[in-house]
Amino acid sequence: METIISSPSVSPLFNPKPSSLQPNSKSLYLTKPIISSSLKKHSVQSIKTSLPTIPTSWVSHAQQGLAALALSLALSFSPVLTSGNALASEFDVINEGPPKGSYVVDDAGVLSRVTKSDVKRLLQDLEDRKNFHINFITVRKLTSKADAFEYADQVLEKWYPSVEEGNNKGIVVLITSQKEGAITGGPAFIQAVGEAVLDATVSENLPVLATEEKYNEAIYSSAKRIVAAIDGLPDPGGPKVNENKRESNFKTKEETEEKRGQFSLVVGGLLVIAFVVPMAQYYAYVSRK
C-alpha cells in the first residue's frame, strides 16, 4: 500500500520524466488564473476607457440646439416679427397681377376646385360673349386698408392702371375673417351691372353666406348674379337671412308645476319607504323573539 501511494516517486517506467511534466502541469495551472485575471482586468479597463469616449461637450451642444429651437419658434409665432408675412399675403395678390388662365385668386384658400372650375366656365362664357372680364379674390384679412372697398380699388388701379384697360374689368373681393366683400370696376362694368345689383350682392350674397362660412356659395352665387345682370336677365336674388329664433331653455310655469308635483310624489314615496321598511323589519325581528 505504501508503494502504491508513493508511486509517482518510485515507478520511473510509467513516469520517466516526472520532473519535466510536473512543472508543466504546475505552469499550466498557474498561468490559467493569471490569464483570466488579465482578461478581467483588461475588460474592466476597456469598459472604463470606452465610457469616457463620449464627448463631454454634448450637454453644451444640446443646450445650443434647444436655444436655436426656441429662437425659431419665437420667430415663427411672434406677432411683431411675422407682421411682414401677414402683410405679404394681400400685397402679393396686388403685385402678382391678374391671374392668367383663371378668374379666381383664392389667397384665403377657402374655395374648392369645383367652385373654381364653375366660376371659370361662367366668366369665360361671359367674356367671350360680352367682352367683360371679372376677377374674384378671396383674402383672409386686411391689415393695410380700412375695408374691402379700398382694397378692391387698389387692386383695380394696380392691375389696370389706365381707364382703357379697366373700362370693362370688374373686381370682386371677399374678406373671410371680416365676413365682408366689395365690388368695383371700370365705368362700362359698373353701368352694365347696375348699382342696385352691385349693392345687393355686396350686402346679401357675400356677407350673409360668408357669415355662415359658405364661401364657395358666396362666390358662385355672386358670379351668377352679376352675369345675369350683364345679360339683362331677371335678378336671381340673394340668400335669405336665417332669423334663427333661439329656443328658451327655461321651463314654463305649467311645466314647472307639473314637474314639481311629480318630484314631490317621488320624494314622498322614498321617505315612506325609508321609514316603513326598517320599522317592518324591526317588528318582524322582535316578534320572532
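**Labels and their grounds**

Analyst: Val 267, Leu 271, Val 272, Phe 275, Val 276 and Met 279 make a nonpolar surface patch of about 590 Å². The model is predicted, and local features need pLDDT of at least 70, side-chain atom pairs pLDDT 80 or more, while totals for chains, interfaces and linings use all residues. Residues are numbered from 1 along each chain, and side-chain values use heavy atoms, without hydrogens and water.

User: Why is Val 267 called partly exposed?

Analyst: Buried means under 20% relative accessible area and exposed over 50%, with partly exposed in between (1.4 Å probe, protein chains only). Val 267 has a relative accessible area of 31%, so the label is partly exposed.

User: What makes Glu 164 exposed or buried?

Analyst: Glu 164, which lies in helix α8 (residues 163-166), has a relative accessible area of 65% and is therefore exposed.

User: How do you know where the buried residues of α7 lie around its axis?

Analyst: The buried residues of α7 are Ala 148, Tyr 151, Ala 152, Val 155, Leu 156 and Trp 159. Seen down the axis of α7, these buried residues fall within an arc of 140° (taken from the directions from the helix axis to the C-beta atoms), so they line one face of the helix.

User: Which residues touch the most other members of the largest nonpolar core?

Analyst: Of its 26 residues, these are Ile 134, Phe 136, Phe 189, Val 193, Ile 226 and Ile 230; a nonpolar core is a set of buried Ala, Val, Leu, Ile, Met, Phe, Trp, Tyr and Cys residues joined through side-chain atoms within 4.5 Å. The largest share of this core, 7 residues, comes from α11.

Key: Patch = residues over 30% accessible without salt bridge, like charges linked within 9 Å, V, L, I, M, F, W, Y side chains within 5 Å. Areas by Shrake-Rupley, 256 points an atom, 1.4 Å probe, with all protein chains shown as cover. Salt bridge = Lys/Arg side-chain N within 4 Å of Asp/Glu carboxyl O. Helix = DSSP H or I, 4+ residues; strand = E, 2+ residues; numbered from the N terminus.
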